[in-house]
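Welcome to a short walk through a structure you already have open. Keep your selection tool ready, and let each stop lead to the next.

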Amino acid sequence: MTKIAEGLECAFASRGFAEPSVEDLRDAAGVSLRTLYKYAPSRADMVLAALEHRHRRYLAHVFDDLPQESGASLDAIVTRVGRWMETEAAHGCLFHAAVAAEPGSARLRALLERHKAEVAARAGAATGLRGSETALLVILEGLTQTWSLRGDDAVKAARRLAHALRATS
């Protein structure tokens, strides 16, 4: 399933949610159509599998092995989100894109909410800013949305805002 989800994630990230045909998704997953449908019986299940895989990869990329000191962990989180945008998500958040492609999907909306809540909670815990999770999420989401327009300047601005939040908390 991990191999399938990885291939699906790559396909959706590079081509969006509407464009790839089931055959394209099968090829991206590197399995037969029968195997693909065994693990992901519908296109909606394929999208969810891809996003669940991305969720785990993103959390590991941003939060694994952070420095122990809260200020250093704050810098590391912002830097890692910027690096993620540069290498994995230059077009913006794949979770938001999935919900935009299918706004009536309660399952996608719930996954988006769970993903963002976990990011906020882990950021608050890692930086010593518990109680400021929403503000941290606004900063990280702002970075995610402006990275494609401003690149490293967006990272620098997010870092300044994060430290201003820390100074006022």
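**Helix 4 against helix 6**

Contact here means heavy atoms within 4.5 Å, while helices (H or I, at least four residues) and strands (E, at least two) are DSSP runs numbered from the N terminus. By class, this contact of helix 4 with helix 6 splits into five nonpolar residues, one polar and one charged. For these classes, Ala, Val, Leu, Ile, Met, Phe, Trp, Tyr, Cys and Pro count as nonpolar, Asp, Glu, Lys and Arg as charged, and the others, Gly among them, as polar.

Before moving on, a word on the model: it is predicted, so local features need pLDDT of at least 70 and side-chain atom pairs count only at pLDDT 80 or more, whereas totals for chains, interfaces and linings use all residues. Residues are numbered from 1 along each chain as its sequence is written, and side-chain values use heavy atoms, with hydrogens and water left out.

Now show helix 4 and helix 6 (residues 94-101) as cartoons: their axes come within 10 Å and cross at roughly 160°. That makes helix 4 roughly antiparallel to helix 6. Axes are lines fitted to C-alpha atoms, for helices over the stretch in contact, and angles run from 0 to 180 degrees between N-to-C directions. Angles under 35 degrees count as roughly parallel, over 145 as roughly antiparallel, 65 to 115 as roughly perpendicular and the rest as oblique. Helix 4 passes helix 6 in a left-handed crossing; a crossing is left-handed if the near helix is turned anticlockwise from the far one by less than a right angle, and right-handed if clockwise.

A60 is partly exposed, with a relative accessible area of 32%. Buried means under 20% relative accessible area, exposed over 50%, and partly exposed in between (1.4 Å probe, protein chains only).

Next, select D65, in the loop between helix 4 and helix 5. Although D65 is not a glycine, its phi is positive, at about 55°. With 74% relative accessibility, D65 counts as exposed.

Move to S70 in helix 5. Is S70 buried or exposed? S70 is buried, at a relative accessible area of 19%. Leaving out residues up to four places away in sequence, S70 touches A126, T127, G128 and R166.

Widen the view to both helices: the axes of helix 5 and helix 7 come within 8 Å and cross at roughly 145°. Select S70, S73, L74 and I77 in helix 5, which meet A123, A126 and T127 in helix 7. The contact of helix 5 with helix 7 has four nonpolar, three polar and no charged residues.

Still on helix 7, centre on V119. V119 counts as buried, at 3% relative accessibility. Which residues does V119 touch, not counting those up to four places away in sequence? They are Y58, L59, F63, L137 and L140. The C-alpha of V119 is 8.9 Å from that of V62, 57 residues apart along the chain.

Now colour F63, I77, V78, V81, V119, L140 and L143, the residues that touch the most other members among the 28 in the largest nonpolar core. Such a core is a set of buried Ala, Val, Leu, Ile, Met, Phe, Trp, Tyr and Cys residues joined through side-chain atoms within 4.5 Å. Helix 4 (43-63), helix 5 (70-87), helix 7 (106-127), helix 8 (133-150) and helix 9 (152-168) each supply at least two of its residues. The largest share, seven residues, comes from helix 5. Apart from this core lies another, of 25 residues, among them A29, V31, C93 and F95.

**Last stop: helix 8 and helix 9**

Helix 8 and helix 9 pack at about 165°, with their axes 8 Å apart. They are therefore roughly antiparallel to each other, and helix 8 passes helix 9 in a right-handed crossing. The contact includes L143 and W147 of helix 8 and A158 and L161 of helix 9.

Finish on K156 in helix 9, which is partly exposed at 40% relative accessibility. K156 and D75 are 81 residues apart in sequence and 9.7 Å apart in space, C-alpha to C-alpha.
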